[in-house]
Amino acid sequence: MVSPDEPHAPAPPLAASPADGFRPSRFGGRVWIILCFAISGLVLLPVLALLWQAMRGSDGLWSHLAANVLPHAISQTVTLLAGVGVLVAVIGTGCAWLVTAYDFRGRRVLEWALLLPLSVPTYIVAYAYLDLLHPLGPVQGLVRAMLGYDSPREFRLPDIRSMTGAIILLSLVLYPYVYLPVRAMFMTQAANLVEVSRALGTTRGQVFRRVALPLARPAIAVGVSLALMETLNDIGASEFLGVRSLTISVYTTWVTRSDLPGAAQISLAMLVLVVALISFERWARRRQRYSTSAQRHRRFAPRRLRGGAGMIALGLGALPVVLGFLTPALFLATEAWRRFRFAGLSDSLIVEARNTFLLAAIATFAVLACGITVAYAARAFPRRGVLIAQRVATLGYAMPGTVLAIGILVVVAGLDRWIDSTAQRWFGVSTGLIFIGSGAALGYAYLARFLAISVGSVEAGFSRISQSYDHAARTLGKGVTGTLWQVHLPLSHGAIAAAGLLVFVDCMKELSATLLLRPLNFETLATHLYAEAARGTYEDAALAALAIVLVGLLPVMLLARVGRAADRT
Amino acid sequence: MTQSTHLTRAILAGAAMIAGAGAVSADELNLYTSREPGLIEPLLAAFTEATGTTVNTVFLKDGMAERVAAEGEASPADVLMAVDVGNMVDLVEKGLTQPVESEVLAAAIPENLRDPGNQWFALSTRARVVYAARDLELQAITYEELADPKWKGRLCIRSGQHPYNTGLFSAYMAHHGAEATETWLQGVKANLARQAGGGDRDGARDILGGICDIAVANSYYVGRMVSGDGGDEQKAWGDAIKVILPTFEGGGTHVNISGAAVAKNAPNRDEAVALLEFLVSDEAQKIYAEANYEHPVKAGVPLDPIVAGFGNMTVDSVPLTEIVTYRKQASELVDKVGFDN
């Protein structure tokens, strides 16, 4: 946030001249462009490696897919995505509006508590609810007791293992991807416009529909697309809940039929579709600009709700937290407690928690730095090449993580082997596999996979800063780099912190690339959890799952503090 | 600036590794496994105690073959361990293994449970059996009968694309041909009480939960549930079922394997062979039987009492190497009949 005594730029119009950006004539400019290309090159390499795999060909794959797989898989995938998309948009935007436009008892806790489901991986929420809602679980047991039945053979409720179940469960943990950016938008962007509308006599409902919602559209689009890509990447929860999505087909093609080229072909086809959809959304709002003056807004004055209305608001806002976080977390805690009483806390768990935290922290730092670089290069030099590079940098998020991991493997192992053979030729020593052996390959995998999150969030943050600030900085003799440090970073630190949280939590939960690329004798909480779950020792798994949730809480708390501090300035 | 710092770091890391690798490699062994680490830990601990060789492990679920292939000659992998004969054959076909001529292995492992070219070796076997509700009047069943309409709405099974099931379906194909297998799969699909999915243990759990009466699952899970190793909850699942050893008409019970191979570029080949030989010793085979509830490959090593209680098993006579050849076709049939949908 800008401090109040900073000189205010005159409020610019909602459009900027086409000649936006710096000319990269100075040295500083060229470095930004080169870095941007280098970073997107890093993301592109594994995709190219997959393309190379795909070109090796797969006999009869597509005729088989077209006849037997695609009709069902596509309809399942579309239903799942549509359902999750609508639900996360409604929950995320609704909650963001609720805690921004209204004030009620418990609102300040709710503001950050609504982020908590982020720390629960989709496969864990699926597993927890399957257990809770199974005919043998506590819920159905209670229902039977109340209705006077002795055995589940006499009475049971419909199975949670269904498309509806999958849509609801995934949405319950993915809505924060929407809530986070939309709330930031409401707080900074919408506030003054909303105040003006209200002064003009518009009702709160109309303000939401006609001002706040249209303004929040880029944020909703970013949030929903992140949530949908998480959905598309999900294998664990889908498998648990019996949804046969395209991603499951990719997996089957690769693992059951040992047809990696085929799996790569399906993934790349999916990638093309995703990119087309995202481009369409951007094209559809190409004429809109979302920046206003970044001048210090008046605090959005929420309406005070008392008594019954306040209780209802709190109840509504708390529902996603209870269902998406408290229920699975309490379930895990109970399971973990049984285990803990039985075996205590193993040393390995502490080591794994440390590994997880360090790895995620280092990766988050790198992902943020690269994301800021790319988003800023695209803002400062919005030329076709740079803008394409910016899009390319987000490709890694749009394909199944298992498949991307193979692409990374090919690239990193190739590099490792080249270093090893070069060292042997020149110095007569073997270096072994440097990047895979040191765990650096994991950092690369997280970068390639999650760069989209940081580029997207930072870009959204920058989009709220008027171009006139860039112009003013230039007039005052600031270079490209100086403008970033003194204008863009301070003005968008909320968006950057939010991106950091999302990336950190995602790195921590990441499973497929971590399993495939980690060095010998190296475990994270997620891989430990997976191994225990694969063995069916669910109580051990619960302990690791709880630890993931707890480690994931740290950045959520941190972000909440950053948010509060920003509120106070 | 940053680029060069990265490079320096990489070089330093490399130097550290060289130093590390040179000092201790003689007493080390690197194991890539897609078997759960918890299951093989007792075996590895026993090996280390017997030989003094430390075992470094990485548990890879999918993509073990891809990783070893990508690492090429620089791969640190010595031993590759996996379940399902298809996975073992895959490793061989991708040229990632090397032959091991060992009298110890040849003497301990029956000929049909190792690669004719000595590229892979089975270390334990497991049967694909039927769990039935304890009070159900059922003494025997054939795999063919799983498609009998009398089981309509009463059968649970995991995804048809899981290797344990594609293995079974491939065996069916070896017995009856593709067309009959397709009809059979349609029949089994029509009998499902719920969508195919979950794990093998969910079969027992859903029988207790009243969702189904019979389930198709692997034999060793029963031992893990009934013994209480998996907790009280799972013990209740295990106690709710009895095990029936199904057979093919005119054949026996379908079994699959867990196995291991020595990696083609194994830096510690001697230790790798030593581990394989240790794993077929009486001591290790006993652990396979008692801790994992699998069937030992070595004759004379007794079964765990829980597993022995299933009755005498006649192993189906179709060789594993033949079953493997039908795997892709079986997987495509699963898609074709919409088994998992």
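Reply: Let's start with a word you'll need: a residue is buried if 20 or more other C-beta atoms lie within 10 Å of its own, exposed if 12 or fewer, and partly exposed in between, with C-beta atoms placed from the backbone. Keep in mind that this is a predicted model: local features need pLDDT of at least 70, side-chain atom pairs count only at pLDDT 80 or more, and totals for chains, interfaces and linings use all residues. Residues are numbered from 1 along each chain as its sequence is written, while chains are lettered from A and ligands numbered from 1 in the order in which they are written.

By that rule, 52% of the 569 residues of chain A count as buried. Chain A has 24 helices and 2 strands (DSSP runs numbered from the N terminus: helices are H or I with at least four residues, strands are E with at least two).

Now for the core. A nonpolar core is a set of buried Ala, Val, Leu, Ile, Met, Phe, Trp, Tyr and Cys residues joined through C-beta atoms within 7 Å. The largest one here has 294 residues, and A:Ile408, B:Val79, B:Leu80 and B:Ala215 touch the most other members. Helix α18 (residues 440-463) of chain A gives the most to this core, 16 residues. Domain 1 (2-125 + 255-304) and domain 2 (127-254 + 310-336) of chain B both contribute too, so the core lies between them; those bounds come from an automatic or database domain assignment.

What about the two domains of chain B? Their centres, taken over C-alpha atoms, are 29 Å apart. Where they touch, domain 1 of chain B supplies 13 residues and domain 2 of chain B supplies 15. On the domain 1 side, α4 (85-93) and β9 (255-263) of chain B each give two or more residues, and α4(B) has the largest share, 4 residues.

Last, the two chains: their contact takes 51 residues from chain B and 49 residues from chain A. On chain B's side, α1(B) gives the most, 6 residues. That side divides into 16 nonpolar, 19 polar and 16 charged residues (Ala, Val, Leu, Ile, Met, Phe, Trp, Tyr, Cys and Pro count as nonpolar, Asp, Glu, Lys and Arg as charged, and the others, Gly among them, as polar).

Terms used
Two residues are in contact if their C-beta atoms, placed from the backbone, lie within 7 Å.
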